[in-house]
Amino acid sequence: MKWDILIPIIIYILGLFAIGAWAFLRKKNAPEGGVTAEYYIGGRTLGPVVLVFTLLASAASAGTFIGVPGLAYQGGHAWVLVFLFQAPAAFITLAILGKKFAILSRKHNFVTITDFLRHRFESKAVTAFASLGIVLFLVAYMVAQFVGGARLLVSITGVSYPVLIVAFAGVVALYTGFGGFMADAISDTVQGVIMLAGGVVLWVAVLVVLGGTTPMAEQLAGSHPDLGTLPGPSGIGLGDMFAYSLQFGLLLFALPHVAIRAMSYRDSKTAHLAMWTGPLIMAIFTLGFGAMGVTARVFFPDLDIVDLAVPNMVVDTLPGALAGALLAAPLAAIMSTVDSMILVVSGTIVRDVYMEYFKPNLSDRRASNVGTLVSILIGVIVLVLALRPPDALQYLVVFAIAGLQAVFAVPLVGGLYWRRANALGAMLSMVGGVAWYIASTQWFPAMAMGILPIVNAMVVAVLLFVLGGYLGSAPPRHVLVKFWGTQAEIDRLGAVPQGGVRQ
Amino acid sequence: MRPMSSSDSQRSAPVNDFEEDPRYAASVREAWIAGAYWVVYTIVVTAVAWTLGYGKAAEEIRYVLGFPEWFLWSAGVATLVFCLIPYVLIRRYFVEVSLSPHGEDGDATTRTGDRTTLHDEAGDTA
């Protein structure tokens, strides 16, 4: 075991517990009626710094810090360019869901994405399908993140796999379960700052070792000339550029754990600040760590596990304690994605399943306590699955991100901005989009028509949504008032008995 | 305003007999701006990289500041420019509105047509 590397990681974990405890006390003191909102979206009080980092950390996950450098190590600079398309994610997410999403969530007290869909489409089928998608895809994705992260750590720290899994999944379950969204958001921020500072330190150390950028380029061009070509070993074409930009640039807002952040901020000013600082920070992350993957080729010409490119660079060029601090960061990237997912799944189970079908009259404080219990339970389930990942899981993982995008992107935007949008369209588009995606990746590659399947799946989802909108009946008046009217109109709605309108 | 019976709403156009929240119009515009931004961003970054670097043999690639020239211009310069553009878009076109259900400052948010004054007035309400 390498204690000099482990000690900063342990300190970091203790810090997470402190944050969790602080957030737990904050929730305890929240007024009745606001406890559940405090637990799942931080009581809509996020300021700009926390908003930026929690948005980026939830969206970026381990891919940015481990996966992309690994691809760049193999495929060269072209892969870094491709993943840079995620840079404007904060701007696009907050602008597309927009202030309307934030205002609606305050008017109707939404704390989950499914809350929004339930009120907008008033269809049990839509709600059930959305909940199912969230639970299945996100649980699978969480397990995959832990498995990947723990395997990397095994090779670096020498600690055994089960111990690592239990430690990390346990830590995340506890601080997320008790601390809720605020613990999640604040730890994302701490982690983001570590990543930024750590990335700069790493680059300085690497350039000192190599003697500057010119020797770096010479060594790279000398020993691995193909890495700097376009497309080079990556083999990327124009269609891929568009598809990746669609999936990681435009559609990140549709991931439930990202979208939820668009209800969590304090005011317009906060959103605006996050919108223009977010792209810069995300670009620095992606470019810094991605290009580091290419440079790693100079240091380690033939790694077996390409995902070890950046971790190896860290251990090799930085002194032990500093290396540990920096390695805590990719782990934190995993944790920060997983913690936000746990909360989304927990919110879905409590609000969209438990309260919908079993206990509709649960009090606010009780609901948030049930939430804590469910969150910890999900953490434990993920832990057990990660110890011995079932084979079926990898199929779900492959579809997870694109599947969620195919399910949620169109109903979210359509429901927000198109009056005709109705339950028929939402249902057709959710089922059709995800079915097309799975069919074209698994069984019928011809359906993808030579481009990444996500593009066609989205086109199908949009067409079905519009088709359903015109074939089915227009949404009832009270839904339109709730989603377009002033608060005064909504209040007037409450005065008139609504019996029978719902079905 | 005309009375609506529930059967009337079947297959007809959505009703429009209530007062709209004026803050939503700005959201629609801002969403379109973000969509347009994404299209231009994707095209420009791709075009720069492809024009400068696509299909070139390894010997032809020039390195500047440690990176291939095409990469420096697309992933570096073009991306940096597009990371700064949101600042300009927000300053010029995005509106600061109250997010509370009633909207604290009704006046400032109703005149969505006049962007500059709207922006200035709403600045101190947030």
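**Exercise 1: A salt bridge between two chains**

Task: Identify the residue with which Glu30(B) forms a salt bridge.

Solution: The partner of Glu30(B) is Lys99(A), and the closest N and O atoms are 2.8 Å apart. A salt bridge requires a side-chain nitrogen of Lys or Arg within 4 Å of a carboxyl oxygen of Asp or Glu. Across the interface of chain B and chain A, this rule finds five salt bridges.

The model is predicted: local features need pLDDT of at least 70, side-chain atom pairs count only at pLDDT 80 or more, and totals for chains, interfaces and linings use all residues. Residues are numbered from 1 along each chain as its sequence is written, chains are lettered from A and ligands numbered from 1 in the order in which they are written, and side-chain values use heavy atoms, with hydrogens and water left out.

**Exercise 2: The extent of the interface**

Task: State how many residues of chain B are in contact with chain A, and what area the two chains bury.

Solution: First, take the contacts (heavy atoms within 4.5 Å). In chain B, 64 residues touch 67 residues of chain A. Next, take the buried area, which is the accessible area (1.4 Å probe) that two parts lose on being put together, summed over both. The two chains bury about 5,800 Å² between them, with 72% of it on carbon and sulfur atoms. Finally, Tyr24(B), Trp38(B) and Leu99(B) supply 14% of the area that chain B buries against chain A, more than any other three residues.

**Exercise 3: Two aromatic pairs**

Solution: Rings of Phe, Tyr and Trp (its six-membered ring) pair if their centres lie within 6.5 Å; planes under 30 degrees apart count as stacked, over 60 as edge-to-face and the rest as tilted. In all chains together, the structure holds 30 aromatic pairs.

Trp418(A), at 24% relative accessibility, is partly exposed, whereas Tyr470(A), at 54%, is exposed.

Definitions and conventions. Buried < 20%, exposed > 50% of the residue type's maximum accessible area, 1.4 Å probe, protein only.
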